Amino acid sequence: MLRDVNTHVSDGLLGFATATGDGLHVKIGASPVVSDTPVIITGDMDAAKIRTRLGLSPLADAAMDAVQGGAARLFCIPVAAATAGTIGEVQKEGKGGGSVTVSGSPNNAFSVVVRLTGSGELNTAAFQISINGGYSFTDEVTVPLTGDYEITGTGLSLKFTGKTDEKYLNSFAVDDMYSFETTAPTMTNGDVLAAFDKLKQFSQEFEFVHIVGESALPLWQALSEAQQELMAVYHKPAFVLLEAAFPTEDGDGSGDLYDWAFQMEADRRKIRNTDLQVCAAWGQLVRLDGTTRAVNLAGLVSGLYAKAPVQVCIGKTRLEAGFGVQRSKLTGLLPAGYNNTIIEFLDNAGYLTFREYDGLDDLYVYHTKMMCPDGSDYRYAEDVRVRNKIIREMRKKGLLLLNDDIDVEDIQNELEARAKFISIPLDRMVEDKEISSYETTVLPGHEETFFEDETLWLKVRYKSRGYIREIDIDLGRAPITA
């Protein structure tokens with residue numbers, strides 16, 4: 001090559017922050033969509049777009065709740081659920097002599113209403129369908145000549161059958177109604193664990209994993225082990241957000257919500273993992289598509305985490321913080337007996353709950369409790385999120401030093417220089433008020449064994465932010481002085 005004036009650009013000298021994975025999460029849930037890679041959902045997508053990508057499924061519903069809660073971007077892993085949903089009995093109201101039956105395997109929990117808008121027989125009568133209990137209906141459709149009609153995207157098919165008794169004027173009359181309910185398909189524990197296993201090879205950074213759908217102790221225990229493996233072996237520190245089953249009385253009527261809460265407490269004692277969280281809050285939520293459903297509020301919680309900096313508690317009540325859920329969106333907590341006594345009991349046991357405050361209009365997450373061991377330093381999600389960010393960011397710096405050579409004539413200073421380099425993310429976290437302070441120390445004595453273990457031994461101690469969990473006011477009248 002001929003000699004000339006050559007320019008080499010050095011980049012990265014200003015120390016701008018790199019991507020940290022803050023607020024990003026993965027959802028694992030039942031969906032008919034088949035995808036070899038996680039499906040990306042963004043906060044600017046409406047309900048129709050999300051359903052186009054994830055189908056009419058529990059996974060799509062949870063993604064909508066996250067977007068409504070504040071998520072700007074999330075990754076979804078669709079699972080072909082092994083346990084099929086169920087179809088309830090068709091209820092009829094009207095004067096027509098025909099009938100409607102349903103078959104198939106539902107993709108989600110639907111409240112289906114078939115409303116006749118034009119009277120007549122097969123190929124002449126007309127109808128509309130709602131899959132959300134009558135909140136919205138499709139355009140008018142003519143009853144097919146064959147009587148067979150597929151409800152697109154639901155996994156359900158209708159069969160219209162004409163009258164069998166001549167006493168009826170028509171098979172189908174205007175305002176005839178046929179309605180039925182379905183339940184959603186559910187994932188087995190094996191389904192969930194197989195999907196979770198995919199995260200080992202997932203190249204994107206993320207903070208937590210939301211398992212969509214009701215779950216119980218056996219899955220919590222299995223995921224506790226899987227999460228620890230993901231962190232220790234695959235270097236992916238991420239907590240798992242789970243949904244407790246709907247709180248109900250015993251089927252024979254012999255128990256009440258207190259018995260349910262006592263069982264929840266007993267189950268909780270069998271989990272000791274700082275990176276497992278179970279949402280025990282249910283509510284009547286007005287979803288992104290305008291429908292109102294009784295849901296576990298974990299989907300909403302995932303959206304609140306997504307918009308909160310790692311050190312910020314999503315139960316923060318300052319109005320400008322934006323973590324209050326308006327009653328126009330969350331009309332109330334469920335069931336009716338879910339009172340402050342039950343909430344306090346579950347909170348003390350270590351579950352995430354919601355509550356109301358007299359004097360505040362919105363509803364709030366109470367405490368972001370984790371299923372940690374007794375005496376743990378990481379009782380709340382904000383503790384875990386900060387710790388996990390430190391782990392992620394220091395590891396990324398440390399990876400740049402592997403196989404680095406040092407001057408053994410000045411080994412202590414050389415090691416301390418590397419320790420300072422690894423600690424750069426903590427400087428930024430102090431600056432961003434994610435932690436209050438930190439100290440990184442090269443452990444003494446190891447320079448003598450360096451040629452044997454070739455290891456840089458560091459001790460990092462940091463002070464987290466403080467949190468006001470309760471306020472106690474001493475109020476009294478001041479004496480009158482002359």
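These questions and answers go through a predicted model of one protein chain.

Me: How many helices and strands does the secondary structure of the protein chain come to?
Reply: The C-alpha trace of the chain spans about 105 × 95 × 45 Å along its principal axes. The secondary structure within it comes to eleven helices and 21 strands.

Me: What percentage of the residues in the protein chain are buried?
Reply: A residue counts as buried when its relative accessible area is under 20%. The chain has 482 residues, and the buried part of them is 45%.

Me: Among contacts between residues at least 6 apart in sequence, what share joins residues at least 24 apart?
Reply: Contact here means heavy atoms within 4.5 Å. Taking the contacts between residues at least 6 apart in sequence, the share that joins residues at least 24 apart is 69%.

Me: Which helix gives the most to the lining of the largest pocket?
Reply: The largest pocket has a volume of about 890 Å³. It is lined by 22 residues, and the closest to its centre are Lys-316, Thr-317, Tyr-467, Ile-468 and Arg-469. With three residues in the lining, the helix that gives the most is helix 7, residues 340–349.

Me: How many residues of the lining of the largest pocket are charged?
Reply: Asp, Glu, Lys and Arg count as charged. The lining divides into seven nonpolar residues, six polar ones and, as charged residues, nine.

Me: How far apart are the C-alpha atoms of Lys-316 and Ile-468?
Reply: Lys-316 sits in the loop between helix 6 (298–307) and strand 17. Leaving out residues up to four places away in sequence, Lys-316 touches Ala-321, Phe-323 and Tyr-364. Ile-468 is 152 residues away from Lys-316 along the chain, yet the separation of their C-alpha atoms is 9.5 Å.

Me: How far apart are the end C-alpha atoms of helix 9?
Reply: Helix 9 covers residues 411–422, which makes twelve residues. At 1.5 Å a residue, helix 9 should span 16 Å. The distance between its end C-alpha atoms agrees with this, at 17 Å.

Me: Within what arc do the buried residues of helix 9 fall, seen down its axis?
Reply: The buried residues of helix 9 are Ile-411, Glu-414, Leu-415, Arg-418, Ala-419 and Ile-422. An α-helix has 3.6 residues a turn, so residues three or four places apart point the same way. The buried residues of helix 9 line one face of the helix, because they fall within an arc of 140°.

Me: Which helices and strands do the buried residues of helix 9 pack against?
Reply: The partners include helices and strands. They are helix 8 (381–399), helix 10 (424–431), strand 20 (437–442), helix 11 (450–453) and strand 21 (458–463).

Me: Within what arc do the buried residues of helix 10 fall, seen down its axis?
Reply: In helix 10, the buried residues are Pro-425, Leu-426 and Met-429. They line one face of the helix, because they fall within an arc of 100°.

Me: Which residue with a positive phi follows helix 10?
Reply: Helix 8, helix 9, strand 20 and strand 21 are among what covers the buried residues of helix 10. After helix 10 comes a residue with a phi near 60°, and that residue is Lys-433.

Me: What is the omega of the peptide bond from Leu-334 to Pro-335?
Reply: Most peptide bonds are trans. Pro-335 lies in the loop between strand 17 (330–334) and helix 7. The bond from Leu-334 to Pro-335 is cis, and its omega is near -10°.

Me: What is the relative accessible area of Asn-403?
Reply: Most residues other than glycine have a negative phi. Asn-403 has a positive phi, near 65°, and lies in the loop between helix 8 and helix 9. Asn-403 is exposed, with a relative accessible area of 83%.

Me: Is His-235 exposed or partly exposed?
Reply: His-235 is not a glycine but has a positive phi of about 55°. It lies in the loop between helix 4 (217–232) and strand 13 (239–244). At a relative accessibility of 41%, His-235 counts as partly exposed.

Technical notes: Residues numbered from 1 in each chain as written. Predicted model: local features only at pLDDT ≥ 70, side-chain atom pairs only at ≥ 80, totals over all residues. Heavy atoms only, no water. 1 Å grid on protein atoms, 1.4 Å probe; cavity = no way out; pocket = protein on both sides within 12 Å on 5 of 7 lines; lining within 4 Å. Points joined across faces, edges and corners; volume = space filled by probe spheres on them. Helix = DSSP H or I, 4+ residues; strand = E, 2+ residues; numbered from the N terminus. Expected span 1.5 Å × (residues − 1). Buried < 20%, exposed > 50% of the residue type's maximum accessible area, 1.4 Å probe, protein only. Arc of directions from axis to C-beta.
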